[in-house]
Amino acid sequence: MNGPLIAIVPMKPFGEAKQRLAGSLDENARVELSREMFTGTLRVLSRTREITRVAVVSRDADVLKLGRKFGAWAMWESGSDLNSALEQATRVAVANGAKKVLIVPADLPYLQTNDIQQMIELGKRAPRVVIAPAQRDGGTNALLVNPAGLIHYEYGEKSFARHVELAERAGAAVEIYPSETIAFDLDLPEDLKTMQNAQGTMQNERRIRNLKSEI
């Protein structure tokens, strides 16, 4: 089923995000980190030509205001949890002509445009659900549903298996997109350390290349 594809980015208030990093980062650092990952996600999605529009759903006016600056469609969250927020955003997207939806959380620091394009390619033919698993807890990170509204959302621990089951019950083909860049979500102190170590390695490699070019 071809037609408009809406990417939905759910986002907590910046001040409430990444509470499990409290032992590693103070509140200001956590807020700044959350903002950076959120804007990074919006940049990746805005560069993906197959996406008709990006929608941000949140109960934080600052989040929605920042989303608008990136051209996103801002939706005030009226539900009580992540799954109800995603259901709400999907209903609004479908009412406005969306044929497919792509759910992308805002805490994937290594997310790449190529990842999104590959998921979209896998989900071109309906009925189909494309799932990018998380690195832990049997969770789901990115999720493409074609047609939009085909399944309910069951985000949380073990959500990968539940989304597979829901898709199969709905008669949809299931495509798994195993991607290290999507699987890595920044949630725990060890994730932060892994990312910082990777950034340090990249900086050292750049220094070595620069030194070699000067020799």
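What follows is a list of selections, each with a note on what is there.

This is a predicted model, in which local features need pLDDT of at least 70 and side-chain atom pairs count only at pLDDT 80 or more, while totals for chains, interfaces and linings use all residues. Residues are numbered from 1 along each chain as its sequence is written, and side-chain values use heavy atoms, with hydrogens and water left out.

**The sheet**

Select the strands (DSSP runs of E, at least two residues, numbered from the N terminus, as are helices, which are runs of H or I with at least four residues). Seven of them form an open sheet of mixed pairing, in the order β3-β2-β1-β4-β6-β5-β7, where two strands pair if DSSP finds at least two bridges between them. β3 (73-76) and β7 (173-176) stand at the edges with a single partner strand each, so one side of each is left without a neighbour in the sheet. Neighbouring strands of this sheet are turned by 20 degrees against each other on average, direction ignored.

Now select β5 (residues 128-133) together with β7: the two run parallel and are joined by four bridges, and Arg128 has Ala173 in β7 as its bridge partner.

**Two helices**

Next, select α1 and α2 (residues 61-69), whose axes come within 10 Å and cross at roughly 35 degrees; axes are lines fitted to C-alpha atoms, for helices over the stretch in contact, and angles run from 0 to 180 degrees between N-to-C directions. Show the side chains of Arg35, Phe38, Thr39 and Leu42 in α1, which meet Val63, Leu66 and Gly67 in α2 (contact means heavy atoms within 4.5 Å).

Which residues are the closest to the centre of the largest pocket? Select Lys12, Lys18, Leu82, Asp107 and Asp187, which hold that place among the 35 residues that line the largest pocket. A pocket here is an open set of points on a 1 Å grid over the protein atoms alone, where a 1.4 Å probe fits, with protein on both sides within 12 Å along at least five of seven lines, and lining residues have an atom within 4 Å of a point. Then select α3 (82-95), from which the largest share of the lining of the largest pocket, three residues, comes.

Finally, select Leu33, Glu36, Met37, Gly40, Thr41, Val44, Leu108, Pro109 and Leu111, which line the second largest pocket.
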